[in-house]
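Here is a short briefing for a reader new to this structure. Look at the sequence and the model, then read on.

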Amino acid sequence: MEIIIKGASEEFAEKLVALAAQHHAELSISTVRPGWTVDRAERYLRDLTAGSRRMAEMVTVDGAGYIEADHLRSVLGALNGPSNGIKRAVDRGIRKGWWPEGTPQPITPVSDPNNPSWHQNIAYRMDQELVPVFREAITRIGKGGGSPPEPDDQNEEGQQP
């Protein structure tokens, strides 16, 4: 018998293994951690529209993880389309099974802390540990790599389940 559970937390998986052991059953569970690998980042970038991808590249490369919205506007024009594309790509990837539930947005808007009621963002940022991951993905794409990588079905040790 094979039981497949997708999207389970590590805590749930540990409890389930313990329960199975109490009943002398053998059970193994592989977990896929939400987060960004180079393969996931490459798939994410390839899925973006041209404007959204350019915005992601500017945050990653030009801004090293932080770039002023005014600079983005001077290059891209209105940011509504590109920023919406960036935001929706993660949810789309979860629905398509490209990465697990709980995968965080790699690029997030920065609001003006002195004027929180004004909804125009002052910058866009990426966590510093993600910058090299996304730079490598951008490099792969720039080298003319073929199709996007297959969905990431690796467990936390980086091995196929």
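Is the crossing of α2 and α6 right-handed or left-handed? The crossing of these two helices is right-handed. Keep in mind that the model is predicted.

- Helix α2 covers residues 38–47, and helix α6 covers residues 131–142.
- The two helices pack at an angle of about 60 degrees. Their axes lie 8 Å apart.
- That angle makes α2 oblique to α6.
- On the α2 side, the contact is made by Val38, Asp39, Ala41, Glu42, Tyr44, Leu45 and Arg46.
- On the α6 side, Val133, Phe134, Glu136, Ala137, Ile138, Arg140 and Ile141 take part.
- Sorted by class, the contact of α2 with α6 has nine nonpolar and five charged residues. It has no polar residues.

**The second largest pocket**

- This pocket holds about 310 Å³ of space.
- Its lining consists of 17 residues. Those nearest the centre are Ser83, Asn84, Pro109, Asn121 and Tyr124.
- Two or more lining residues come from each of α5 (80–95) and β2 (108–110).
- Helix α5 gives the most to the lining of the second largest pocket, with five residues.
- By class, the lining of the second largest pocket divides into seven nonpolar, eight polar and two charged residues.

Key:
Residues are numbered from 1 along each chain as its sequence is written. This is a predicted model: local features need pLDDT of at least 70, side-chain atom pairs count only at pLDDT 80 or more; totals for chains, interfaces and linings use all residues. Side-chain values use heavy atoms; hydrogens and water are left out. Axes are lines fitted to C-alpha atoms, for helices over the stretch in contact, and angles run from 0 to 180 degrees between N-to-C directions. Helices (H or I, at least four residues) and strands (E, at least two) are DSSP runs, numbered from the N terminus. Angles under 35 degrees count as roughly parallel, over 145 as roughly antiparallel, 65 to 115 as roughly perpendicular and the rest as oblique. A crossing is left-handed if the near helix is turned anticlockwise from the far one by less than a right angle, and right-handed if clockwise. Contact means heavy atoms within 4.5 Å. Ala, Val, Leu, Ile, Met, Phe, Trp, Tyr, Cys and Pro count as nonpolar, Asp, Glu, Lys and Arg as charged, and the others, Gly among them, as polar. On a 1 Å grid over the protein atoms alone, a cavity is a set of points where a 1.4 Å probe fits but cannot get out, and a pocket is an open set with protein on both sides within 12 Å along at least five of seven lines; lining residues have an atom within 4 Å of a point. Grid points are joined across faces, edges and corners, and a volume is the space filled by probe spheres set on the points.
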